[in-house]
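My notes follow the display.

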Amino acid sequence: MAFTIRQLQFFVAVAEQGTVSGAAQNLSISQSSVTEAIKELESDLGVELFERHPRGLNITHKGHQFLRHATKILADVSDARRSFSSEQAAAGGRLQLGVTSLVAGYVLSDLLARYRRAYPGVEVSAIEDNGDYLEHLLVGGKLDIAVMVTSNLRDRTALQSEILEVSAYRLWIPLSHRLVSADIISIGDIASEPLIMLTVDEIEENTGKLLSAIGARPHVAFRTRSVEAVRSLVATGAGVALLPDLVYRPWSLEGDRIESRDISGSLPVVQVGTVWRRGSGLPQAARDFIGLAQSQRMVRR
């Protein structure tokens with residue numbers, strides 16, 4: 001029996017939500033329908049996609065590998081539908097694109113690949129830089145559009161944005177950490193822990209605010225601009241990290257397991273979206289990019 005598009009949609013929803021109930025609520029269907037679809041998919045593939053535990057599900061290594069294929073298949077299906085509803089695919093033009101480092105590999109890569117497939121005649125030039133500089137380029141008309149963190153957008157009067165993804169902060173800990181089995185984790189529980197600090201976009205600023213709210217001074221063991229370095233350091237027990245779920249992956253490059261846990265209380269979120277100059281006459285290539293980004297958000301949801 002071949003797997004279906006519907007099974008893939010259910011699988012992606014469970015992988016993103018971490019629970020069958022969360023996926024069912026997001027999809028507005030019954031939990032039993034989601035459970036049955038996942039069982040059928042695992043049977044068809046001959047692999048276990050999730051590890052079951054009392055609090056929900058952990059995606060397995062093979063499940064994580066399949067997740068990339070599943071999201072690509074769903075995106076390709078969306079692109080196929082768009083190809084029949086639009087006559088712009090063969091159009092030419094130029095798109096000047098900006099991106100911040102945090103989202104370059106986690107949001108833009110798949111989005112840009114889809115855009116190139118849908119509009120192969122468009123010449124795309126992209127630069128990566130910090131948010132402040134990208135805002136400057138957008139306002140000055142040097143960029144058509146940027147994909148960046150929008151929750152800390154500075155010049156909201158001159159710029160317009162549309163959210164693509166909202167990602168909550170979670171705690172990253174190694175498999176052997178004392179908090180792995182804790183039912184509830186608070187900010188106070190990690191106040192004395194050594195922190196692996198990611199220093200891109202607003203991550204360091206937000207982490208500092210979280211800890212200062214309880215009167216704790218962050219004990220930073222290591223600062224880095226590399227998410228992969230954070231993964232390796234957390235996995236080997238050098239410290240813990242507070243990062244948006246957007247960049248979480250269950251394994252480090254060395255293959256060591258990393259656990260992600262919710263933290264009780266009010267935590268900030270990271271919003272990622274498309275940004276362009278307010279009131280500007282966007283070229284068709286930029287409007288097509290925004291439309292495709294909107295459709296990708298719907299596929300993920």
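**Helix packing notes**

I began with helix 2 (residues 20–27) and helix 3 (residues 31–45), whose axes come within 8 Å and cross at roughly 115 degrees. This is a predicted model. I counted angles of 65 to 115 degrees as roughly perpendicular, and helix 2 and helix 3 are therefore roughly perpendicular to each other. I noted the crossing of these two helices as right-handed. On the helix 2 side I listed Val20, Ser21, Ala23 and Ala24 as making the contact, and on the helix 3 side Gln31, Val34 and Thr35. Sorted by class, the residues of this contact are four nonpolar, three polar and no charged.

Next I looked up helix 1 (residues 5–17) against helix 2. Their axes are 8 Å apart, and the two helices pack at an angle of about 120 degrees. That angle makes helix 1 oblique to helix 2. I recorded a right-handed crossing here as well. From helix 1, Phe10, Ala13, Val14 and Gln17 meet Gly22, Ala23, Asn26 and Leu27 of helix 2. I sorted the residues of this contact into five nonpolar, three polar and no charged.

**Helix 7**

Which residues of helix 7 (residues 203–212) are buried? I found Ile203, Asn206, Thr207, Gly208, Leu210 and Leu211. I then checked what these buried residues pack against: helix 5 (101–118), and the strands 6 (159–174), 7 (195–198), 9 (241–244) and 11 (269–277).

Note on methods
Residues numbered from 1 in each chain as written. Predicted model: local features only at pLDDT ≥ 70, side-chain atom pairs only at ≥ 80, totals over all residues. Heavy atoms only, no water. Axes fitted to C-alpha atoms, helices over the stretch in contact; angles between N-to-C directions. Helix = DSSP H or I, 4+ residues; strand = E, 2+ residues; numbered from the N terminus. Parallel < 35°, antiparallel > 145°, perpendicular 65-115°, else oblique. Left-handed = near helix turned anticlockwise from the far one by under 90°. Contact = heavy atoms within 4.5 Å. Nonpolar A, V, L, I, M, F, W, Y, C, P; charged D, E, K, R; others polar. Buried < 20%, exposed > 50% of the residue type's maximum accessible area, 1.4 Å probe, protein only.
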